[in-house]
Amino acid sequence: MKFFVFGTSRFTFLCGIKCGAAFALLFVCLTTPVFASEAVELQAGDCGKCHRFQLQMIAEAGGRHATEIGCLDCHPQHPPKGTETQVDCTLCHEGQAHFEIGDCLHCHVNPHRPLETLRDPLKPARKECLSCHSDVGQEMAVAPSRHSELFCNRCHNTHKEIPGCLDCHGPHLGEQFARDCLRCHSAHQPLQVIAAGYVPASFCRVCHARQASNLADTNTNHGGINCTYCHKGVHPSTSACQECHGLPHPQAIHSEHTDCLECHGDAHRLISHR
Ligand code: HEC
Ligand code: HEC
Ligand code: HEC
Ligand code: HEC
Ligand code: HEC
Ligand code: HEC
Ligand code: HEC
Ligand code: HEC
Ligand code: HEC
Ligand code: HEC
Ligand code: HEC
Ligand code: HEC
């Protein structure tokens, strides 16, 4: 009897429980003498006779697994006699960091359609992500913060999704929206504060009330200047008076008084009688 080749407990189980499916299988087995003789090797063309579902799936969505390899490349042997029923993904995928992270099927759930069923990792991921986004790892290493200690998918729940800072933090100021955070912070180096572009004085005032109110009160020309015009680059940084004014007075005065503020008081509340 040909189907005795399948005389495993599993087949008996199938017979008992899934009669319909089993009879179909039985029918195929009887009409398809692939296992009839031990001498006959399974051919690539045979697989679809019993595994129509897998064949169809791979044809429809297998991508390059459908076009560049066949069933036997991944399933060199067949049960119950064969034990090497599937090979490791890394047999063919090697030479890139991404192929060294293991647990391929955690994300590529179904090897017969490896990209269609690509799923976001259900467990915390970091080295998995860095296998492709190594630049992000470098950014974080250069300017470490507590964000560097978080798993990537704590913020990027689904691949390519960008979170908003306000999902997890409150703003410094009621009038700030999510897009404002990135005017000063960057996501992967949040302690590297660099005010870029136009930043309203109120955004600085929330932490530097004295300087801001002085500047608002002064009737000198400094009053019309934005904070970030004098405080450029990585916070906190300050341009020296000379960077904009040079040494405007006679050399004798500057030699005697090296600090401009001796006479001009305060950058934000200048003493000036011009
Ligand atoms: C005559 C029907 C038939 C043909 C033809 C057939 N299979 Fe199977 N295949 C089965 C049955 C039945 C099982 C379940 C056997 C078991 O679990 O012991 C199975 C199981 C498998 C499994 C699962 C193995 C495991 O470890 O659980 C793979 C993979 C597989 N077949 C691949 C193939 C490939 C590739 C081909 C073509 C080269 C093929 N089969 C041809 C009937 C067939
Ligand atoms: C027998 C060789 C072989 C095995 C084993 C293999 N692959 Fe592939 N895979 C290929 C080839 C060939 C390509 C197309 C060229 C390339 O991208 O390297 C490919 C492409 C892919 C692609 C891109 C698909 C596309 O349409 O562009 C993914 C994703 C993939 N494989 C995942 C896997 C996973 C996950 C496993 C393990 C379950 C695996 N592969 C096992 C040979 C293999
Ligand atoms: C890129 C390698 C690869 C190719 C090509 C491939 N398979 Fe598979 N197949 C696997 C892996 C890996 C598993 C195990 C999946 C798992 O453990 O979830 C599997 C599982 C199976 C199973 C067990 C049931 C299931 O779906 O999990 C069958 C049957 C099967 N494959 C048949 C086929 C047939 C038929 C073909 C050709 C049309 C084929 N496979 C092509 C890698 C492959
Ligand atoms: C943490 C999830 C995750 C794991 C684990 C994972 N991958 Fe991927 N893989 C991805 C993502 C995401 C992409 C697709 C990126 C894109 O959109 O192009 C991908 C793409 C691929 C590609 C296509 C690459 C290309 O350049 O087209 C291959 C091949 C691949 N993975 C193989 C593997 C192998 C082999 C393993 C196991 C060693 C594996 N993957 C483990 C997430 C994962
Ligand atoms: C196999 C390589 C691969 C893996 C693994 C991978 N990605 Fe990606 N990722 C890509 C590619 C390719 C893109 C698209 C890049 C583009 O559009 O310029 C992308 C895009 C992104 C984007 C959006 C980029 C943008 O410019 O909008 C984010 C965010 C992202 N990935 C985060 C992650 C996280 C988090 C993980 C881990 C859970 C991860 N990626 C795993 C390859 C990968
Ligand atoms: C605290 C939340 C957070 C964490 C943790 C985080 N990201 Fe991001 N990521 C973001 C935000 C927000 C953006 C958008 C930044 C922007 O638009 O300037 C982003 C942008 C990206 C981008 C696209 C733009 C770019 O900078 O390359 C990639 C890729 C990315 N993240 C990958 C990762 C990876 C990989 C990890 C883990 C090592 C990670 N992220 C950890 C919040 C986070
Ligand atoms: C998924 C939640 C999440 C998102 C989204 C997020 N953060 Fe964080 N952030 C954290 C956690 C957790 C910490 C650690 C400190 C804590 O527990 O509050 C942190 C810490 C910080 C710190 C202090 C870092 C340190 O090392 O002390 C800054 C600054 C910061 N975040 C800014 C931002 C900015 C700006 C964004 C948007 C680009 C953002 N965060 C998006 C969760 C998040
Ligand atoms: C004008 C620039 C600026 C803007 C805009 C800005 N921040 Fe900040 N943020 C800073 C500075 C400066 C620090 C303090 C860094 C330090 O302590 O050295 C800081 C610290 C933080 C911290 C860590 C300390 C704390 O208060 O918990 C978090 C979290 C944070 N910002 C979140 C945000 C969020 C969310 C937004 C957007 C609503 C935002 N920031 C907008 C400049 C800014
Ligand atoms: C979230 C609060 C916060 C915001 C917003 C903030 N700062 Fe600061 N700033 C600080 C803290 C805290 C310090 C002192 C600690 C340090 O030196 O890092 C500081 C220090 C400074 C200093 C140097 C002070 C000294 O004694 O040398 C300057 C200049 C400065 N900030 C300018 C600005 C400007 C300009 C803005 C707006 C673009 C701004 N800050 C926004 C918190 C903030
Ligand atoms: C015209 C240039 C200029 C403008 C505009 C300016 N600052 Fe300053 N700021 C300076 C200089 C110069 C110093 C250093 C004074 C010193 O050497 O003691 C300074 C010092 C500071 C300090 C350090 C503490 C102190 O008072 O010395 C803080 C904080 C500060 N500025 C915040 C701000 C904020 C907030 C704004 C906008 C509301 C602002 N500055 C606008 C030039 C400016
Ligand atoms: C980033 C450039 C910048 C820096 C730094 C700067 N100033 Fe000015 N300052 C200006 C500009 C612009 C004006 C307005 C144009 C003018 O009057 O020349 C001005 C005007 C002045 C005036 C005349 C103001 C009036 O209206 O009477 C004095 C005095 C002065 N600055 C002194 C200083 C002193 C002292 C410092 C250092 C504490 C300083 N400035 C730092 C750019 C700067
Ligand atoms: C000994 C006192 C003293 C010192 C020190 C001093 N200044 Fe003055 N500065 C004055 C006086 C007085 C004026 C002219 C009257 C006025 O505008 O108040 C003046 C005027 C200015 C003006 C306006 C010039 C114009 O043409 O209208 C600038 C700009 C200025 N000073 C910058 C500086 C800078 C920068 C330094 C430091 C390198 C500095 N001053 C150091 C006393 C001083």
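Me: Is His98 buried, exposed or partly exposed?
Reply: We start from the relative accessibility of His98, which is 28%. Buried means under 20% relative accessible area and exposed means over 50%, with partly exposed in between, using a 1.4 Å probe and protein chains only. At 28%, His98 therefore counts as partly exposed.

Me: What kind of model is this?
Reply: Residues are numbered from 1 along each chain as its sequence is written, while chains are lettered from A and ligands numbered from 1 in the order in which they are written. Side-chain values use heavy atoms, without hydrogens and water, local features need pLDDT of at least 70 and side-chain atom pairs pLDDT 80 or more, whereas totals for chains, interfaces and linings use all residues. In short, this is a predicted model.

Me: Which residues coordinate the iron atom of ligand 4?
Reply: We look for donors, meaning N, O and S atoms within 2.8 Å of the metal (3.2 Å for Na, K and Ca); water is not among the atoms, so sites may look incomplete. Two NE2 atoms, at 2.0 to 2.1 Å, come from His98 and His108.

Me: What geometry does the site of the iron atom of ligand 4 have?
Reply: Six donors count as octahedral, and four as square planar, if opposite donors are over 155 degrees apart and all others between 65 and 115. Four donors count as tetrahedral if all angles lie between 85 and 135 degrees, and anything else is irregular. Here there are six donor atoms with angles of 86 to 179 degrees, and the site is octahedral.

Me: How many residues apart in sequence are the parts that His98 and His108 tie together?
Reply: Helices (H or I, at least four residues) and strands (E, at least two) are DSSP runs, numbered from the N terminus. His98 lies in the loop between α6 (71-74) and α7 (104-107), and His108 in the loop between α7 and α8, so the pair ties together parts whose separation in sequence is 10 residues.

Me: Which residues are the protein donors of the iron atom of ligand 5?
Reply: This site is octahedral, with angles of 88 to 180 degrees among its six donor atoms. At 2.0 to 2.1 Å from the iron, the donors are the NE2 atoms of His133 and His159.

Me: At what distance do His156 and His188 coordinate the iron atom of ligand 6?
Reply: His156 lies in the loop between α10 and α11 and His188 in the loop between α11 and α12 (201-205), so the pair ties together parts 32 residues apart in sequence. His156 is partly exposed at 29%, and His188 is partly exposed at 22%. Their NE2 atoms coordinate the iron at 2.1 Å.

Me: Which residue has a backbone N or O atom 2.8 Å from an oxygen atom of ligand 7?
Reply: A polar contact is a pair of N or O atoms within 3.5 Å; within protein, one must be able to donate a hydrogen and the other to accept it, and residues adjacent in sequence count only if both atoms are side-chain atoms. His147 has a polar side-chain atom 2.8 Å from a nitrogen atom of ligand 7, and so does His169. The backbone atom belongs to Arg146.

Me: Which element gives the most residues to the shell around ligand 11?
Reply: In total, 18 residues surround ligand 11. A polar side-chain atom of Ser272 lies 2.5 Å from an oxygen atom of this ligand. The elements giving two or more residues to the shell are α14 (227-230), α15 (241-245) and α17 (261-264). With three residues, the element that gives the most is α15.

Conventions. Near = heavy atom within 4 Å.
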